[in-house]
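Biologist: Hey, I'm new to this one. Could you bring it up and walk me through it?

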Amino acid sequence: MFIKQLSVFLENKSGSLAQVLKFLSEENINIYSTSLADTNDFGVLRILVSDTDKAYAVLKEKGITSKVNDVVGVSVPNEIGGLQKVVAAVLEGQINISYIYGLSISNGGANIVMKTDQLEKTVEILKAKSVPLLSQDDLA
């Protein structure tokens with residue numbers, strides 16, 4: 001029930017992001033969602049793509065450092081406090097959420113991706129609370 005995410009490490013300089021996006025585009029890799037966080041020296045581009053393994057191989061061939069890891073996709077109830085309920089459920093399990101970002105797929109809910117320090121337990125807790133989860137197949 002996990003989604004494969006590609007974390008790309010970029011030098012914080014003009015053109016770094018554009019170069020990565022160009023390489024992926026040239027290989028017909030579709031990007032479903034992105035998040036970019038930066039510091040003074042580098043940035044971390046987190047992306048969900050149509051073919052994670054191919055994207056990883058392309059970037060490696062181009063000398064760009066990246067890493068594939070698992071995240072949890074959640075369809076947050078479209079209601080006041082919806083996200084708060086999801087976060088509270090994870091917190092009840094004493095699980096730390098490292099980051100959250102939006103996911104742009106169309107299923108009627110507000111969709112997010114979250115990285116926690118205990119992914120399997122996170123999925124169990126959210127399933128027990130009847131929170132709709134997303135799979136890799138839901139991205140396409």
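Modeller: Going from the N terminus, the elements of the protein run β-α-β-β-α-β-α-β-β-α-β. Helices (H or I, at least four residues) and strands (E, at least two) are DSSP runs, numbered from the N terminus. The radius of gyration is 16 Å, close to the 14 Å that the globule rule gives for 140 residues, so the protein is as compact as a globular protein of that length. That radius is taken over C-alpha atoms, and the globule rule is 2.2 Å times the number of residues to the power 0.38.

Biologist: How many helices and strands is that?

Modeller: The protein has 4 helices and 7 strands.

Biologist: What should I know about the model itself?

Modeller: It's a predicted model: local features need pLDDT of at least 70, side-chain atom pairs count only at pLDDT 80 or more, and totals for chains, interfaces and linings use all residues. Residues are numbered from 1 along each chain as its sequence is written, and side-chain values use heavy atoms, with hydrogens and water left out.

Biologist: OK. What does the C-alpha trace span along its principal axes?

Modeller: About 45 × 30 × 25 Å.

Biologist: And how much of the protein counts as buried?

Modeller: Of its 140 residues, 41% do. Buried means under 20% relative accessible area, exposed over 50%, and partly exposed in between (1.4 Å probe, protein chains only). The accessible surface comes to about 7800 Å², and carbon and sulfur atoms hold 47% of that. Those areas come from the Shrake-Rupley method with a 1.4 Å probe; for residues, only the protein chains shown count as cover.

Biologist: Which residues does Ile47 touch?

Modeller: Leaving out residues up to four places away in sequence, Ile47 touches Gln5, Leu6, Val8, Leu24, Ile31, Ser33, Thr34 and Tyr101. Contact here means heavy atoms within 4.5 Å. Across the protein, of the contacts with a separation of 6 or more, 69% are between residues 24 or more positions apart.

Biologist: What about Ala128, buried or exposed?

Modeller: Ala128 is exposed, with a relative accessible area of 68%. You'll find Ala128 in helix H4.

Biologist: Switching topic: how many salt bridges does the structure hold?

Modeller: It holds 5. A salt bridge is a side-chain nitrogen of Lys or Arg within 4 Å of a carboxyl oxygen of Asp or Glu. One of them joins the side chains of Glu92 and Lys129 (3.2 Å, N to O). That pair links distant parts of the chain, 37 residues apart: Glu92 is in helix H3 (residues 82–92), and Lys129 is in the loop between helix H4 (119–128) and strand S7 (133–134).

Biologist: How exposed are those two?

Modeller: Glu92 is exposed at 56% relative accessible area, while Lys129 is partly exposed at 43%.
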